[in-house]
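Morning, everyone. One structure today, and a short walk through it. Have a look at it first.

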Amino acid sequence: MIRLAANLSMLFNEHAFLDRFAAAASAGFKGVEYLFPYAFDAEDIKHVLQEAQVEQVLFNLPPGDWEAGERGLASLPGREGEFRDSVIEALRYAEVLNCPRVHAMAGLLPEGADAATQADHHETYLRNLRFAAGEAAKTGRDILIEPINTRDMPGFFLSRQAQAMAIIEVIGADNLKLQFDLYHCQIMDGDLIRHLERQFDAIGHIQVAGVPERHEPNVGEVHYPAIFERLRALGYTGWIGCEYRPRAETRAGLVWGEPWGLTAQG
Ligand SMILES: O=C(O)C(=O)[C@@H](O)CO
Ligand SMILES: [Mg+2]
């Protein structure tokens, strides 16, 4: 069964944030995800989720100073206290929103980072992810890590699928999983279906977008019907987050999703 979630940081931006939940539901989405809930009271978001009858499927931990260019704290040496606070805060929202998983963004390496600095980030990342997985396990939630392409996010610490899989393996926590974003994988690693098959057991969430412009999935070089078919054959029962920038009005561009229950006409 293909279950599609609307990424409300990118889709339905024609509406104010709290109105995007109903807009997504009326287009056929059963779940929603977005970057961050923290500018809103958790109870207010819970209310719009319930009104729209959609599930909250994912959001990110507080990422540090986003406006100043920070992109997560999980691998940043010296920021461990802030990272721990971010885990607690995200899990507090997850509890209210009944969200089973949260994404811990890795953060950026300093420009020109030498091998010692990279090793320091790696060790910090491992320690922080162990802490996060331990805290999340207390309420039965998953922590996700996502390789992100370094064209969009230069310096992002976690950029390759193999790196993420090695980290998941070395930590060995059942609730530390891969956020498999096919858009990033296509740019950095390619070979999407083989990655999907090899990594299947580690996948906690999937995201899609057209490549290379990050528009609708039917625009660009990736043939998503073949990927959705393989997911179905593999027995994937998780969510697929639609994390792309619509070329024009969100609803008009949903034609690509009609075979999977979305409706392009309002
Ligand atoms: O950019 C992406 O891709 C995401 O999934 C965001 O949550 C940033 O990690
Ligand atoms: Mg993503």
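Which residues surround ligand 1? Keep in mind that this is a predicted model. The shell consists of L35, N60, H103, M105, E146, I148, D181, H184, Q207 and E243. By type, that splits into 3 nonpolar, 4 polar and 3 charged residues.

Now the annotation. An unreviewed UniProt entry puts a domain, "Xylose isomerase-like TIM barrel", at residues 21-256. In the model, that span is 40% helix and 14% strand. Its end C-alpha atoms are 20 Å apart.

Next, the active site. UniProt, again in an unreviewed entry, places this feature at E146 and E243. The two are spread over 98 residues of sequence, yet they cluster in space, with a largest C-alpha distance of 13.2 Å.

Take E146. It sits in the loop between β5 (142-145) and α5 (161-171). Is E146 buried or exposed? Buried, because it has 23 C-beta neighbours inside 10 Å, and the cut-off for buried is 20 or more. Leaving out residues up to four places away in sequence, E146 touches H103, Q179 and D181.

Then E243. This one lies in the segment after β8 (239-242). E243 has 26 C-beta neighbours inside 10 Å, so it counts as buried too.

Conventions
Residues numbered from 1 in each chain as written. Chains lettered and ligands numbered in written order. Predicted model: local features only at pLDDT ≥ 70, side-chain atom pairs only at ≥ 80, totals over all residues. Near = placed C-beta within 6 Å. Nonpolar A, V, L, I, M, F, W, Y, C, P; charged D, E, K, R; others polar. UniProt positions renumbered as here; feature names shortened; annotations may be inferred. Helix = DSSP H or I, 4+ residues; strand = E, 2+ residues; numbered from the N terminus. Buried ≥ 20, exposed ≤ 12 C-beta atoms within 10 Å, placed from the backbone. Contact = placed C-beta atoms within 7 Å.
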